[in-house]
Amino acid sequence: MAPGFLPRRTPREWAMRGALAAAAAVAGCFSGAHTLALVVAQERPTLAHRLAPWDGRITAALAASLTGPGAGEAQRRRSDGLARRALRQDATAVTAAATLGINAQLRGDGAAASRLFTYAEKLSRRDLQTQLWMIEAAVGRGDIPGALRHYDIALRTKRQSWDLLFPILTSASANPPVRAELVKTLAARPPWAEPFINHVAAHPADPQAASTLFLDLRRAGLALPDRVHAAAINELIGDGFADEAWRHYAAIRGGADRRQSRDPHFALASDAPTAFDWAPVSAGGIDTSIQRGAGGDVFDFAADSGMGGPLLRQMQMFPPGTYRIEGHSSGIAQPAQSLPYWTLVCQTGGREFGRVTVPNSAEAGGAFSGRFTVPADCPVQALILIARTSDEAAGLSGQIDRVQVVPAQ
């Protein structure tokens, strides 16, 4: 064959090539339509079904969109028909089986609903609607372990289920039998355990129930971060449950005694302190912190010239009686009228039960002491270190390395 010349094709060859090109174009159209249908199936199931009426998953999505508590009987009948068609198109279309189950339940046919949802769960444990029905069914027959098992399945497989199920499970945990099973489930450390615990800490339906749950989890061997316990304790205090807050605190802080202050050497400083722990107070012109050092832990403070106010506080629940405060400072050098002082005040009403001035650290080797008397009508108090305003150019500064309040002998 001479160079530059193509072989001549017969009419039959041209016809075959044309047919193949047409088939490819049709396949491309079908493929494009199918892809678009899958993209819009959840938001626009009717359009998706028009684009790909042969796809069982898309038919099932349309069937699901037509049912629900607000649907009329005509809509539910159409939904049933589409769901059955979807199962004929794709026997694994779990949404179709679940939709038939919902419609049966809405008609009052519990036996049919149970069969259909059981089948749906065999098809896939990842279908949220199926797991929600299984939870409700288990609750209805008083099967708490069964309900928690389906909660676990739903929360493991669908991240979007957390927003729906966490608040429900939080409220249910106030029920002791539910809480007991929930503790067993969480102690196994499912992937949703930490997010759920954080949710309860941030949004407790019942502060007392949340506290009990966290302590039960602790006894079951699940270590919870300080911020979770702190949130529970502070929430109890904020809601007026001081005694319950103390019981929670005493459970996580071995040796805590309400007759004396805690952590005299600032060794338990935390990024998430409870109200019963030392809480440094920083504000405009006042800087405070608990610092680690080779010689031990210290509370460090500084207030600009002319600035005063609270520096450090710790909530107390001293029984009525007389108490002695003892401690040690360093770095304090001020005129008498500018020296800081400790005060014990009633949490309600702010009555003071005495003031104990912290002398200059050059006096008595930096030691200080004094007394407070707590009356019977104030069960909750606050121990506070207060900075008086200083006219010194450098302001007020210093450190406290030890402080404790104990019953007076």
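## A loop between H14 and E1

Aspartate 263 is found in the loop between helix H14 (242–252) and strand E1 (279–280). Helices (H or I, at least four residues) and strands (E, at least two) are DSSP runs, numbered from the N terminus. This is a predicted model, in which local features need pLDDT of at least 70 and side-chain atom pairs count only at pLDDT 80 or more, while totals for chains, interfaces and linings use all residues. Residues are numbered from 1 along each chain as its sequence is written, and side-chain values use heavy atoms, with hydrogens and water left out.

Aspartate 263 is not a glycine, yet its phi is positive, at about 55°. With a relative accessible area of 14%, aspartate 263 is buried (under 20% relative accessible area; exposed is over 50% and partly exposed in between, with a 1.4 Å probe and protein chains only). Phenylalanine 266 also lies in the loop between H14 and E1. Its phi is near 60°, again a positive value in a residue other than glycine. Phenylalanine 266 is buried, at 0% relative accessibility.

## Overall composition

The protein has 14 helices and ten strands. Of its 409 residues, 42% are buried. The accessible surface comes to about 20,600 Å², and carbon and sulfur atoms hold 54% of that area; the areas come from the Shrake-Rupley method with a 1.4 Å probe, and for residues only the protein chains shown count as cover.

Among contacts (heavy atoms within 4.5 Å) with a separation of 6 or more, 64% join residues 24 or more positions apart.

Two packed helices are described by the angle between their axes and the distance between the axes. Helix H4 (residues 73–89) packs with helix H5 (residues 94–106) at an angle of about 150°, the axes being 8 Å apart. Axes are lines fitted to C-alpha atoms, for helices over the stretch in contact, and angles run from 0 to 180 degrees between N-to-C directions. H4 and H5 are therefore roughly antiparallel (over 145 degrees; under 35 is roughly parallel, 65 to 115 roughly perpendicular and the rest oblique). Their crossing is left-handed, meaning that the near helix is turned anticlockwise from the far one by less than a right angle, whereas clockwise is right-handed. Ala, Val, Leu, Ile, Met, Phe, Trp, Tyr, Cys and Pro count as nonpolar, Asp, Glu, Lys and Arg as charged, and the others, Gly among them, as polar.

H5 also crosses helix H7 (residues 128–140), at roughly 40° and with the axes coming within 9 Å. This crossing of H5 and H7 is left-handed. Val94, Ala98, Ile102 and Gln105 of H5 make the contact with Gln129, Thr130 and Trp133 of H7. Four of the residues in the contact of H5 with H7 are nonpolar, three are polar and none is charged.

## H8 and H10

The axes of helix H8 (residues 144–157) and helix H10 (residues 176–187) cross at roughly 45° and come within 10 Å. H8 and H10 are therefore oblique to each other, and their crossing is right-handed. Ile144, Pro145, Leu148 and Asp152 in H8 meet Pro177, Val178, Glu181, Leu182 and Thr185 in H10. The contact of H8 with H10 has six nonpolar, one polar and two charged residues.

## Arginine 115

Arginine 115 lies in helix H6 (residues 110–123) and is exposed, with a relative accessible area of 59%. Its C-alpha atom is separated by 9.6 Å from that of alanine 97, 18 residues apart along the chain.
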